[in-house]
Amino acid sequence: MTSTAPAPTATLTAEKIGGRLGAVISGVRLGGDLDAATVAAVRAAVLEHKVVFFRDQHHLDAEGHEAFGRLLGELVAHPTVPSIDGRYALGIDNDHGGRANQWHTDVTFVPAYPAFSILRAEVIPPYGGNTLWSNTAAAYAELPESLRVLADSLRGVHTNDYDYAAARPDAPSAALEQHRKVFTSITFRTEHPVVRVHPETGERTLILGNFLQKLTGFNGPDSRALIGVLQSHVERPENTVRWQWRVGDVAIWDNRATQHYGVDDSDDHERTLRRVTIDGDVPVGVDGRRSVLLAPESVPEPAYGIASGASTDGALAEA
């Protein structure tokens, strides 16, 4: 008879790899059978270090990946990219998001974007293909006081309908067509505070990145200039960490306190990772105002803090 008892509590150790974020966690075999104390320790490590890495998790497949994810919260599918065989483990490869080459926070074009993302490496190129992360809480904290005060008052509109061709000028026409048909099959527009209060740590973090289209109440040039100033702090080397992938690696990051960047420098070599995302909450700004769904007026299924039939007046259902 197979035992269903949870695995005994692991001896978790964390070794920092960056001054402001990033740690390698050892002593844990990831899976759906971890006990509550180990899960709590992993969650605490992610909140503290913003992104954590696990080596040699070769035993994980899509099922085990998702089973572990469920221990951290409710899994959520991508709002526009269809899943394969009903799986939540989204494939990220050369033709599907693997060549992002831009700083972003996952899925900020919807109200309750993911709280955590879990990325697992299946195929790694012989060189290149690293991923960078940045600590948006540290970026906010280092802003000059006058700029922090301004940022606290700003709101910005995020959308998945951005200029993909400009972001990837060398992308083949097939990739551009795939982006148009799939990624923007439904166009989302959400207004977020530029600074949100983290629901678990209480830190103030910046909501910026590639999906941010414009700042509310500013003309185009002023909006781009202000976004550029704020984003430059996110991208400062002191606030970043770079990870060189190996097959079997798993990265978990706090999507509410980070941006990341998949570097497109592995030529035509295959690079395949699988990502599972954990549902988040609707951000709240320093002034107590929540994020607002602007478009569309309705969506096929409730997800990401979006209710089917949600109006554009900002009335949102809880995820």
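Predicted model: local features only at pLDDT ≥ 70, side-chain atom pairs only at ≥ 80, totals over all residues.

**Confidence**

pLDDT is the predictor's confidence in each residue, from 0 to 100. Helices (H or I, at least four residues) and strands (E, at least two) are DSSP runs, numbered from the N terminus.

Residues are numbered from 1 along each chain as its sequence is written, and side-chain values use heavy atoms, with hydrogens and water left out.

The chain averages a pLDDT of 86, and 79% of the residues score at least 70. Contact here means heavy atoms within 4.5 Å.

**Cores**

Next I asked which residues touch the most other members of the largest nonpolar core. Among its 23 residues, they are Leu30, Phe54, Phe68 and Ile252. I count a core as a set of buried Ala, Val, Leu, Ile, Met, Phe, Trp, Tyr and Cys residues joined through side-chain atoms within 4.5 Å. Buried means under 20% relative accessible area, exposed over 50%, and partly exposed in between (1.4 Å probe, protein chains only).

At least two core residues come from each of helix H1 (36-49), strand E3 (51-54), helix H2 (62-72), strand E6 (116-123), strand E14 (250-254) and strand E16 (272-278). H1 gives the most, with 5 residues.

Leaving aside neighbours within four places in sequence, Phe68 is in contact with Leu30, Gly31, Gly32, Leu34, Val42, Ile118 and Ile252. There is also a second, separate core of 16 residues, including Tyr140, Ala151, Leu154 and Val194.

**Sheets**

Strands of a sheet pair through backbone hydrogen bonds, either parallel or antiparallel. I call two strands paired if DSSP finds at least two bridges between them.

I found an open sheet of 4 strands in the order E12-E8-E9-E17, with antiparallel pairing. Strand E12 (212-215) and E17 stand at the edges with a single partner strand each, so one side of each is left without a neighbour in the sheet. Strand E8 (residues 155-159) and E12 pair over 3 bridges, and Val157 has Lys214 in E12 as its bridge partner.

Another open sheet has 3 strands in the order E13-E7-E15, again antiparallel. Its edge strands, strand E13 (240-243) and strand E15 (258-262), each pair on one side only. Strand E7 (residues 131-135) and E13 pair over 4 bridges, and Leu132 has Arg242 in E13 as its bridge partner.

Where does Lys50 lie? I found Lys50 in the loop between H1 and E3, with a positive phi of about 75° although it is not a glycine. Lys50 counts as buried, at 4% relative accessibility.

Val107 lies in the loop between strand E5 (90-92) and E6. Its phi is near 60°, a positive value in a residue other than glycine, and Val107 counts as buried at 3% relative accessibility.

Last entry: the peptide bond from Ala295 to Pro296 is cis, with omega near 0°. Pro296 sits in the segment after strand E17 (292-295).
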